[in-house]
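Okay, thanks for coming, everyone.

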Amino acid sequence: MDDTPDNHSESPGDHAVVLGAGLAGLLTARVLADRFARVTVVERDDLSPHGPEFRPGLPQSRHAHVLWSRGIELMERLLPGTTAELTAAGAALLESPRDFLWLSPADWFRRVPGAGMLIGSRELLDWTLRRAVLRDGRIRILGGRLATGLVGGTDRRSVAGVTLRDGGRLAAALVVDATGRTSKAPAWLAALGYPAPAVTRYDSHLGYSSRPYAVPKAAPDGSPERRWHGMYVQGRPDSPRGGVLVPLEGDRWLVTLIGNGEHAPPTTDPEFLAFTRTLRSPALHDAIRDAEPLAPPTGFRATANEWRHYERMDRWPEGFLVMGDAACRFNPVYGHGMTVAALTAQALDEALAGLTAAQIPAQARRVQRHTVTAASVAWQIATSEDLRYPGTEGPPSDRATRVLQAYMSRVMAGANADPEISAAFFGVLSLSAPPNTLLAPGTMLRVLSKWRLPTAPRTTADYPPHHTS
């Protein structure tokens with residue numbers, strides 16, 4: 001990665017700076033490279049030039065990640081060939097629920113239509129996208145460099161660059177904060193005289209614990225027959241423990257255990273395996289009980305939904321944007337973060353259409369308001385589902401939310417077995433279709449006339465017949 005000082009000859013007006021080399025930052029840089037002569041991505045972590053490696057700036061990378069079909073489509077549009085490169089390195093292109101053993105809050109999914117997803121380690125995804133982005137000669141990445149603040153313009157109403165921890169400074173016409181959960185944008189804006197944004201926050205106190213395993217050569221006796229590639233045993237309010245098993249490159253499984261509040265999963269051995277005995281089905285326990293663990297369990301607890309409403313601010317500086325998790329982040333259990341990052345990059349591309357580099361800084365407020373809309377559907381899904389749990393902190397659910405929750409319970413029950421309901425459900429879940437798809441008259445009729453609210457027991461010893469027959 002390029003770590004030379006900012007000594008390019010172009011003027012600051014031809015330069016954009018992106019803070020953060022995660023998925024949001026890399027895709028943002030790719031969009032901006034079509035407008036600016038050069039784009040610099042500043043990343044606080046040292047970035048290995050040798051291959052995929054864990055880095056502290058992505059602590060959640062040790063847990064299960066999915067890129068839904070809509071995210072795959074948009075990534076390919078910006079970086080053609082990336083999906084093929086990822087699958088060649090061992091990532092898996094799967095269809096959910098067809099390729100999964102999935103116990104929903106209502107029942108086991110049958111072989112119904114669903115949505116595509118790309119699954120692999122987050123380290124592999126970031127490494128592959130960094131290489132793809134750097135093939136564009138207009139983009140460079142400064143690894144091991146920490147941005148410490150914004151440089152105010154001489155007009156006192158714009159941003160003209162960023163300062164770095166080593167005393168350096170990068171001048172730029174546009175600065176984009178895509179640093180995610182570590183964003184210091186509110187403090188930086190305050191230093192320039194701007195008020196802090198309003199914040200909406202929902203926290204269901206969900207915890208993760210994950211562990212990689214070597215894939216066993218054969219299924220143990222009594223375990224579900226291995227016609228599946230992954231597994232998902234969902235929790236629900238009356239039994240809030242769950243678990244996910246996904247394939248990783250290198251002939252590995254990654255198992256992520258999930259629980260709210262006092263049900264948060266352990267990060268010690270042998271408690272990790274013991275937790276799987278308490279899930280609603282023994283399927284996950286049976287799959288990994290004889291598998292070889294490759295590393296100790298790792299926990300993650302920062303799972304709150306948080307929206308910093310920069311789009312509502314009365315004043316906004318020219319030449320500054322906040323993108324990705326730095327503006328709006330979600331409970332990761334719904335698997336939307338990476339797909340929303342791709343949707344946000346698409347929204348940025350749309351908002352900048354027809355603008356030259358010289359025109360973009362003055363349009364920052366309008367662009368900020370447009371790009372944040374890419375998060376609205378994922379936010380609605382995550383917060384309405386989190387509000388099902390009695391310990392969730394945040395604004396109380398209103399009547400509309402409670403009606404939506406009751407209807408979605410019926411949708412889930414129908415999606416388990418009805419192909420038409422399932423196709424609509426996974427279209428929305430994958431962020432490929434708008435939520436009102438589930439409110440189409442034909443879909444509503446099928447949901448309300450055929451499927452009662454789920455009455456499945458809290459636990460089940462059965463495996464779905466379409467996998468074991």
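So, let's start with Thr 83, which counts as buried because its relative accessibility is 9%; buried here means under 20% relative accessible area, exposed means over 50%, and partly exposed is in between, with a 1.4 Å probe and protein chains only. Before I go on, this is a predicted model, where local features need pLDDT of at least 70 and side-chain atom pairs count only at pLDDT 80 or more, while totals for chains, interfaces and linings use all residues. Residues are numbered from 1 along each chain as its sequence is written, and side-chain values use heavy atoms, with hydrogens and water left out.

Back to Thr 83: you'll find this residue in helix 3, residues 82-88. Helices (H or I, at least four residues) and strands (E, at least two) are DSSP runs, numbered from the N terminus. What does Thr 83 touch, not counting residues up to four places away in sequence? Ile 72, Met 75, Glu 76 and Leu 93, with contact meaning heavy atoms within 4.5 Å.

Pro 56 sits in the loop between strand 2 (38-43) and strand 3. Its C-alpha atom is 7.0 Å from that of Asp 45, and the two are 11 residues apart along the chain.

We have three strands in an open sheet, order 3-6-4, with antiparallel pairing; strands pair if DSSP finds at least two bridges between them. Strand 3 (67-68) and strand 4 (92-96) are the edges, each pairing on one side only. Strand 4 pairs with strand 6, residues 115-119, through five bridges, and Ala 92 has Ile 119 as its bridge partner in strand 6.

On to the cores. A nonpolar core is a set of buried Ala, Val, Leu, Ile, Met, Phe, Trp, Tyr and Cys residues joined through side-chain atoms within 4.5 Å. The largest one has 125 residues, and those touching the most other members are Leu 32, Phe 36, Val 39, Val 175, Phe 320 and Phe 425. Helix 8, residues 337-351, gives the most to this core, nine residues. Leaving aside neighbours within four places in sequence, Val 39 has contacts including His 15, Leu 32, Arg 138 and Ile 139. Another core, of 20 residues, lies apart from the largest one, and Leu 103, Phe 275, Ala 291 and Tyr 463 are among its members.
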